Every structure is written in C-alpha cells, then in structure tokens.
Amino acid sequence: MTDAVRAALRAQRIEVPSWAYGNSGTRFKVFAQPGVPRTPQEKIADAAQVHKYTGVAPVVSLHIPWDKVDDYAALAKHAEDLGVRIGGINANVFQDDDYKLGSVTNPDPAVRRKALDHLLECVDIADLTGSRDIKLWFSDGTNYPGQDSIRARQDRLADALQAVYERLGDGQRILLEYKLFEPAFYTMDVPDWGTAYAHCLRLGPKAQVVIDTGHHAPGTNIEFIVAFLLREEKLGAFDFNSRFYADDDLMVGAADPFQLFRIMHEIVSAGALDASSGVNFMLDQCHNIEPKIPAQIRSVMNVQEATAKALLVDAAALDAAQLAGDVLGSNGVLMDAYNTDVRPLLADVRQEMGLDPDPMGAYARSGYFEKIAADRVGGQQAGWGA
Ligand SMILES: [Mn+2]
C-alpha cells in the first residue's frame with residue numbers, strides 16, 4: 001500500500017496561476033512587493049521556482065489580457081526552457097468599461113460581440129500554446145431586482161457558450177466556473193454548480209465545471225458537489241484557495257485543512273487523482289501580504305498533505321464499516337487517516353524524487369528572492385489588472 005501511495009504522490013500534478021506572482025490586494029489597497037514580475041516571462045520564471053522545489057507543479061495558467069504577448073509560441077518555448085509548460089487560458093471579460101452591465105449577457109449586442117470575440121481569441125491563444133483548457137468565469141449579473149431579465153441573460157449566456165464550444169479544437173474543452181456573488185450582488189448569471197452543470201450538459205462532453213472552493217455560501221458541502229460532478233463526468237477542474245468569509249483567495253488549506261481532506265477523499269475514492277481523469281487541480285489565489293513564491297510553495301504542500309491523508313484512508317476497512325452500517329467505525333476510519341502526520345512521508349517522497357525534503361527552506365536558502373529583488377528594478381510591476 002505504501003508504494004502505491006508514494007507513486008500517487010510522485011505523480012500528482014498541480015497547476016499554478018500566473019497572477020499569483022503579481023501584486024494583488026483588496027478593493028482598499030494593493031501593496032507592492034520587491035521582486036514582483038514585470039512581464040509574463042518573469043511570472044513563468046517564478047512559477048518554475050515552485051515546480052523546482054515541489055516537483056509536482058509543472059504547469060502554469062495564463063490570464064488574457066494580463067499575460068498578452070506578441071508571440072505565444074515563444075512564450076510556450078520560454079516555459080519549456082524553464083522546465084514548465086503553459087496550462088489553462090483564463091479569459092477576462094470583467095475589466096472593460098463596456099462590461100458594466102455584463103459581458104456575454106449584456107443587453108447590448110455590440111458588447112456581447114466584443115466579449116465573445118475575446119473568448120474566441122482565448123481559443124486562438126490556446127491553439128498557439130498547446131493548451132487544453134479554456135477557462136471561463138463571468139462577472140456578469142445584476143445588482144437590483146428588475147434590472148434585467150434573468151431568463152434573457154441565460155439565453156445570451158447559452159448563445160456565447162455555444163459559439164465558443166463550436167470553435168474548440170480537438171482535445172480542447174471549456175471549463176465553466178461559477179460564483180455565488182460578487183461583483184454582482186442580486187443575481188450572478190452563473191451563481192452555482194447547478195447552473196454551470198446545466199449549461200455544460202447542454203453543450204456536450206467538451207464542457208465541464210470548475211469548482212472554485214471560495215465561490216460558495218458558507219457551510220456549503222463542497223465534497224458533495226465534487227462527488228456528484230465526478231459521477232456525471234462533469235468535473236473539469238478545481239480552483240483551490242481557502243476562505244473564512246467570502247472569496248478570500250487565501251492559501252488553500254489555510255482556513256480549513258479538513259475540508260480540503262474531505263474533497264481529496266472524494267477525488268481519491270473515485271480514482272480521479274490521476275492526470276488521466278482529466279480533473280485539473282489548479283490554485284487560484286492572491287497573495288496580498290505574504291511573499292508570493294513561498295506562498296505558492298506552501299499551497300502546493302498543503303494540497304499534497306491533504307492528498308496523502310486521503311490516500312491513507314483504509315478503503316477496505318471503510319467499505320466494510322459502511323456496509324455494516326457502522327456509523328462510528330466508518331467515521332473513525334476516515335479520521336484515523338486525517339489525523340496521521342504525513343509530513344515525514346512527503347519529505348521521504350521528495351527525497352525519492354531528488355528534491356530537498358524541505359521545499360520552503362530550500363527556496364529560502366536558494367537566494368532567488370534576493371536576486372529578483374535586485375534585478376527587477378524599474379518597469380511596471382505586474383499586478384491586479386496588469
Ligand atoms: Mn477562480
């Protein structure tokens with residue numbers, strides 16, 4: 001059993017977001033940090049550091065237009081030279097003045113056309129970077145009852161999704177993300193997994209749902225959603241992060257490591273940890289006050305710890321206890337795994353992979369931070385909206 005657990009941990013893959021390395025903040029203040037990337041190339045270089053010390057994060061997502069470049073094939077080559085590759089292409093139809101009343105659901109057809117053109121441009125970019133995933137999140141919605149027709153907006157959304165779906169190349173897919181509220185406060189046009197699921201179901205097999213762990217009402221049982229979508233083959237990806245109140249975008253596993261374990265238990269028990277399952281395990285976080293590269297390393301380690309615990313669940317014992325109707329016994333099997341200290345196991349696995357057993361320490365000792373802080377002086381730091 002241990003060998004299988006170790007093999008699964010070595011094979012695990014976690015995708016990191018380019019935007020995690022830029023400056024970010026709340027709507028009150030963005031605090032700049034020294035050494036922050038100024039270009040998409042520098043963001044990818046920072047992401048490569050996370051992979052260098054964890055060995056399980058070789059893929060970096062782009063966000064368009066924040067990561068717009070003239071030559072995407074060259075950017076993909078740059079990533080490859082640094083030992084990583086480009087993953088999902090995240091569309092952005094939420095920052096132009098035109099989108100005040102929505103993007104693909106805007107009542108104005110000219111604005112809808114502009115938004116759709118951007119989504120199609122993202123598919124073009126995915127062609128050039130060799131990316132499988134076109135990730136769509138819409139800030140669209142309304143603030144006041146009566147502001148717009150809820151049903152008409154669903155129709156407009158469906159039309160846009162259909163147009164993107166028809167443009168997908170072989171092996172590409174739409175990943176549709178939902179969010180309960182914010183920036184719209186009365187209705188979001190894709191507020192929950194059910195809405196995302198219904199749209200994806202209508203589109204076809206190349207459309208799947210993204211679960212951003214911060215995009216639910218407090219108390220929502222996220223692992224139930226995971227189990228349901230896996231069963232329906234509609235779970236495309238996670239955006240991992242953690243939250244205490246709303247969409248906090250804190251480090252995954254920081255607020256509620258037990259929830260992360262429960263999610264990973266559903267993944268492991270459904271056999272969906274392996275890359276062949278098609279579930280993309282991505283981080284979607286903003287590091288507002290903490291240093292960014294170590295925060296990404298810590299986040300990857302938090303996912304690894306939850307995964308290791310989930311892999312240690314005694315599946316046969318759990319099965320037997322469940323079938324016997326042994327409520328406390330089955331819960332006990334799960335808790336035994338959760339309460340195991342897996343840090344020595346993970347340190348060991350890292351050594352097997354030729355890595356330092358202590359990724360945080362190894363990065364800190366590497367001098368990379370001192371180097372980028374000295375080198376990256378001048379120019380415009382990447383940041384929120386950059
Ligand atoms: Mn997200």
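1. A residue is termed buried if 20 or more other C-beta atoms lie within 10 Å of its own, exposed if 12 or fewer, and partly exposed in between, with C-beta atoms placed from the backbone. This is a predicted model: local features need pLDDT of at least 70, side-chain atom pairs count only at pLDDT 80 or more, and totals for chains, interfaces and linings use all residues. Residues are numbered from 1 along each chain as its sequence is written.

2. Strand β3 (residues 85-91) has 6 of its 7 residues buried, so the rest of the structure largely encloses it. Helices (H or I, at least four residues) and strands (E, at least two) are DSSP runs, numbered from the N terminus.

3. On pairing (at least two DSSP bridges between two strands), β3 runs parallel to strand β2 (residues 59-64), with 5 bridges joining them. Strand β4 (residues 133-137) is also parallel to β3 and is joined to it by 2 bridges. N90 of β3 is the bridge partner of H63, and K135 in β4 is the bridge partner of N90.

4. A right-handed β-α-β unit is made by β2, helix α3 (residues 72-81) and β3. Another right-handed unit consists of β3, helix α4 (residues 109-129) and β4. Right-handed means that, with the strands pointing away from the viewer, the path from the first strand over the helix to the second runs clockwise.

5. L136 is in contact (C-beta atoms, placed from the backbone, within 7 Å) with A91, L119, I174, L175, L176 and E177, leaving aside neighbours within four places in sequence.

How values were computed. Two residues are in contact if their C-beta atoms, placed from the backbone, lie within 7 Å.
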